[in-house]
Every structure is written in C-alpha cells, then in structure tokens.
Amino acid sequence: MLIRRLPWTAISFAAPLPFCFGATNGLPIRKQLNSSLFSFFCSSSGVNLPLQPGHETDTRHSQSLKPGLYLVGTPIGNLEDITLRAIRVLNSADVILSEDTRHSGKLLHHYNIKTPLMSYHKFNESHREQLVLRRLKQGEIVALISDAGMPGISDPGTELAKLCVSENILVVPIPGPCALVSALSASGLPTDEFTFVGFLPKHSGSRRKRLMVSADQTTTQIFYVPPHKLSQFLDESSSIFGDARQCVIAREMTKLHEEFWHGTLGEAKEVFSIRQVKGELTILIEGKANSKVEPPSDTELESELRELIAGGESLSTHSFIM
C-alpha cells in the first residue's frame with residue numbers, strides 16, 4: 001500500500017502501483033519519497049507524473065480552468081480551512097490579487113503555491129481595475145483573495161466583480177470560510193432570517209442612524225467590529241437597542257482561543273469595559289420581539305361607541321364589527 005501525503009491530510013491508496021499515486025487527478029504531490037523512486041515507479045507503469053512547481057515545465061494549467069475572475073475563499077484563522085478546489089485554482093491562476101501580499105504569502109507558502117501575487121486593496125483597487133481588466137480580456141486566469149474569508153464581503157472585490165459582469169467576463173465564486181456564517185451558525189440566535197450589516201460608518205451620526213434601523217428589525221443583526229472600537233459599539237448599541245437585548249460576541253473563530261460570549265448588551269458593556277480583546281469581532285444581536293396586537297374587547301368597543309355617540313357622531317357614518 002502506498003501513502004500519498006498532502007499538507008492537510010493523509011490519503012491511503014489500495015490501488016495497484018501503475019496508478020502512480022493519483023497522478024491523473026492533478027493534485028500536487030509532496031516530496032515525501034525520493035524522486036528517483038517516483039521515476040522508477042512511473043517509468044515501469046508507463047505513467048508520467050505531473051512536475052512540481054520549480055521544475056522546467058509549467059504545469060499550472062493542467063486542469064484547464066476557463067479564463068476569468070475567480071473569487072477564492074481563504075481561511076479566517078485556521079489554515080486547514082481551505083478547500084481542495086481553492087488550492088487547485090490558486091495553483092492554476094496566472095496571478096493572485098491579494099489584500100495584503102505579506103499575509104497571503106504565508107498561506108501560499110504553507111501550501112507550496114508559486115503563483116505570483118499582486119496587491120489589490122481599498123487604497124489601490126480603482127487604479128488596479130483597468131490593469132486587471134486588460135489581463136482578463138487577454139484570456140488570463142485571475143484569482144482574488146482577501147486576508148480572510150470570501151472576497152467582496154466587507155473586503156475588496158465587489159467593484160471588480162461588478163466591472164467584470166458588465167464586460168461579460170466570467171466571474172466564478174470558489175466557496176470558502178466566512179466569518180458571518182460561521183458565527184451565525186454557532187450563535188444560538190435565529191438563523192432563518194438575518195441582516196448582515198458589516199462594518200458601521202465612521203461618522204457618528206450615520207452610525208447611530210444605522211443602529212436605529214437595526215434596532216427596529218425583527219431579524220438577527222450581524223456586525224463586524226474592530227477590537228479598538230468594541231467599547232464604542234457596545235455603548236451606542238446598548239443605548240439604542242436597550243441593555244436587555246441578547247447578543248453574541250464571536251472572537252478568534254477557528255483559532256486556538258476561539259470564544260463565543262453570550263449575554264445581554266448591558267452585561268457585555270460591563271464585561272468588556274475592563275477586558276482587552278484582540279482580533280476582529282463578529283457581533284450578533286437578537287432581533288426585536290414581535291409585539292402582538294391584541295384585538296379590543298367588547299367592553300372597549302362599547303365604551304368607544306358611547307363616546308362617539310356622546311360626541312354627536314352618527315352611527316350611519318361608522319362601521320363597527322361587534
């Protein structure tokens with residue numbers, strides 16, 4: 001039995017040797033065994049192994065992806081949370097657009113992905129768009145990743161995707177981790193309907209206005225909050241939603257110190273006023289309770305009727321359901 005080792009798992013193959021460790025599926029093979037041993041096996045079976053990155057022949061396009069923009073989901077903390085498809089697309093792309101090339105470089109290095117990186121963030125995306133568009137029109141495969149999660153969800157990518165759609169250029173989502181969905185699924189709050197707000201506006205007036213809209217909705221409200229703005233968020237949300245509204249604060253998701261804090265906004269305000277947190281937070285607040293409108297009783301209807309008659313109203317001008 002031969003064992004082929006990947007960065008994230010180990011898969012055992014009971015197939016005969018000529019299959020050469022799954023060479024037909026195009027997945028990268030780690031050099032766990034001596035290269036001469038691989039050559040011997042493959043030459044004996046008549047199967048050619050795909051060459052590894054760094055060899056003379058470029059095999060990144062062996063899977064024949066269509067030219068276009070690929071929005072690739074990446075881990076939100078734990079590097080194991082990446083799909084096989086994401087790795088294949090990143091390996092096959094001509095270029096990877098990255099929010100932070102240094103941060104993304106660690107992910108690519110971990111999975112031995114050699115595709116060149118190009119910075120693409122909120123400060124340069126308007127200048128990069130035309131360059132990227134030209135490359136796409138020339139038939140290149142462009143992958144877009146953010147620092148964590150799905151591109152375009154409170155991260156760069158929305159405008160580029162919109163531009164590609166308007167130019168009839170293929171846009172392909174490669175699903176992956178997403179903080180808002182992960183937090184919602186484990187929050188214990190209603191998931192059938194929810195509103196994703198994301199980051200609140202910087203201007204205090206606009207911020208309070210948006211919180212007032214959220215406070216009046218019956219669906220679960222989801223916010224992204226930087227750690228240095230947590231106190232501000234809890235102060236403003238507790239004053240607008242009310243101290244008694246239930247909330248969940250998700251932090252360090254998928255990491256070693258993952259935490260889901262449950263309580264009221266009033267309790268959260270007190271607890272986190274003396275507690276320092278690190279990393280971006282996903283905060284969920286329960287929706288406003290539905291207030292059932294009780295129909296008036298017979299006594300209330302009779303009283304209202306007497307008041308109308310006493311005020312000179314004619315019964316013929318009103319319709320009453322008794």
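Residues are numbered from 1 along each chain as its sequence is written. In this predicted model, local features need pLDDT of at least 70, side-chain atom pairs count only at pLDDT 80 or more, totals for chains, interfaces and linings use all residues, and side-chain values use heavy atoms, without hydrogens and water.

**Exercise 1.** Describe the largest pocket by its volume and lining.

Solution. 
1. A pocket is an open set of points on a 1 Å grid over the protein atoms alone, where a 1.4 Å probe fits, with protein on both sides within 12 Å along at least five of seven lines. The largest one holds about 1300 Å³ of space.
2. Its lining (residues with an atom within 4 Å of a point) comprises 45 residues, and Asp-147, Ala-148, Asp-155, Phe-199 and Glu-280 are the closest to the centre.
3. Domain 1 (65–177) and domain 2 (180–285) each give at least three residues to this lining; the bounds come from an automatic or database domain assignment.

**Exercise 2.** Classify the packing of α7 against α8 and of α4 against α5.

Solution. 
1. Helices are DSSP runs (H or I, at least four residues), numbered from the N terminus.
2. The axes of α7 (residues 204–215) and α8 come within 9 Å and cross at roughly 50°.
3. The α7 and α8 helices are therefore oblique to each other, oblique being the class left after under 35 degrees (roughly parallel), over 145 (roughly antiparallel) and 65 to 115 (roughly perpendicular).
4. For α4 (residues 125–137) and α5 (residues 158–166), the axes come within 10 Å and cross at roughly 40°, which makes α4 oblique to α5.

Terms used. Grid points are joined across faces, edges and corners, and a volume is the space filled by probe spheres set on the points. Axes are lines fitted to C-alpha atoms, for helices over the stretch in contact, and angles run from 0 to 180 degrees between N-to-C directions. Helices (H or I, at least four residues) and strands (E, at least two) are DSSP runs, numbered from the N terminus.
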